[in-house]
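Colleague: I have a model open and want to learn how to read it. Take me through the features one at a time.

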Amino acid sequence: MARVKYYYDTDTCKYERVKVKTTDIILNLLGFLTFSVLIAIGFTAIYGQYYKSDQEKVLQSENEKLKEFYAILNNRLEQVDKTLTSLQTRDNNVYRLIFEANPIPNSVRMAGVKNDKSYEKILKSGLAKDKKSLISNTFKRVNQLKRKMYVQTKSYDEIIKMVKDKSKMLSHLPAIQPISNKQLTRLTSGFGTRMHPLYKVAHFHPGIDFAAPYNTPIYATADGVVKRSEYMGGYGNTVDIDHGYNYVTRYAHMASFKVRPGEKVKRGQCIGYVGSTGFSTAPHVHYEVLKNNKQIDPVYFFFNDLTPEEYEKILKLASIKNQSLS
Ligand SMILES: [Zn+2]
């Protein structure tokens, strides 16, 4: 029951009953309701922030798991992509170069990738922006890989045909390392700009250095005819082998020779021994591959005696920008 209120009227000198207006009651009620609603909203917001419902918890943990899964997937795809890129490099720089076929341009290897919209349906769903980009990036990556693999397979088909046509040529192309390098520890300096061992300035190193003890056998890397076996200034004792097809290999700083000019040699035949003659800071063989009288990176010609893993390792070793042995 509502309390009855009185007030003292100074005119009548009596206590008079206070009359409550309906509007006052309504206003009071409305005020109370507004206050209650505000409090309720406040509590719900705080509760929502700190206490998630079971369903929300499940969804959140699923979300996290999916993100993790996508991260792993993308990581794997990156590895596959790297392997494929290395196959492409080898394809363009070795096989196609050897057979004088034009390298496949990147535009062809990547053609059609941009136009693939097969994943757009997923993107039209009401997913959050970050999830959409996660999915679309993964799809794009898979599509790129598919395309690259397809082109690579076609390229190999073409190469197989060329190999059949030119099997004789293959034995005349440098394909092994010039010394035994089972542990892959011999390669000490690669092709390209390297530090000069004496002058300590950057210079162009036109070959690959393999460090080895004195008198380690040096092998011809392909069939051919000995063009030179003589002392040649900074190169010291040097053997040049002419393989035909515009290829020549050079072996420098030898201790001694085992072949003479004009002599026919086979791949893997010993042609001399490791030394440190000419301009050299330690016993090693400086090995060059020349095509049309121009030095090219020999690392692309070590494919007969190496597993893919070993080849990867050799590529890495040859790319270290260290000091050459000259
Ligand atoms: Zn060298």
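Modeller: Ground rules come first. This is a predicted model, where local features need pLDDT of at least 70, side-chain atom pairs count only at pLDDT 80 or more, and totals for chains, interfaces and linings use all residues. Residues are numbered from 1 along each chain as its sequence is written, and side-chain values use heavy atoms, with hydrogens and water left out.

Colleague: Which domains does the assignment give?

Modeller: Domain bounds come from an automatic or database domain assignment. Here they are domain 1 (6-50), domain 2 (56-165) and domain 3 (187-319). The centres of domain 1 and domain 2, taken over C-alpha atoms, are 69 Å apart.

Colleague: What does UniProt list for residues 25-47?

Modeller: UniProt positions use the numbering here, feature names are shortened, and annotations may be inferred rather than shown by experiment. The unreviewed entry lists residues 25-47 as "transmembrane region". In the model that span is 100% helix and 0% strand, with its end C-alpha atoms 33 Å apart. Helices (H or I, at least four residues) and strands (E, at least two) are DSSP runs, numbered from the N terminus. The unreviewed entry also places "domain: M23ase beta-sheet core" at residues 204-298. Residues 204-298 are 0% helix and 57% strand, and their end C-alpha atoms lie 14 Å apart.

Colleague: Now the metal. Which residues coordinate the zinc ion?

Modeller: Donors are N, O and S atoms within 2.8 Å of the metal (3.2 Å for Na, K and Ca); water is not among the atoms, so sites may look incomplete. The zinc ion has His205 (NE2), Asp209 (OD), His286 (ND1) and Ser326 (O), at 1.9 to 2.5 Å. The donor spacing in sequence reads H-x3-D-x76-H-x39-S. Histidine 205 and aspartate 209 are both buried. Buried means under 20% relative accessible area, exposed over 50%, and partly exposed in between (1.4 Å probe, protein chains only).

Colleague: What geometry does the site of the zinc ion have?

Modeller: Ideal angles are 109.5 degrees for four tetrahedral donors. Four donors count as tetrahedral if all angles lie between 85 and 135 degrees; four count as square planar and six as octahedral if opposite donors are over 155 degrees apart and all others between 65 and 115; anything else is irregular. The zinc site has angles of 99 to 137 degrees among its four donor atoms, and is irregular.

Colleague: What is the phi of asparagine 246?

Modeller: Most residues other than glycine have a negative phi. Asparagine 246 has a positive one, near 70 degrees. Asparagine 246 sits in the loop between strand 9 (237-244) and strand 10 (247-257). Asparagine 292 also has a positive phi, near 50 degrees, in the loop between strand 13 (284-291) and strand 14 (294-296).

Colleague: Is serine 136 buried or exposed?

Modeller: Serine 136 is buried, because its relative accessibility is 9%. It belongs to helix 5 (residues 129-165).
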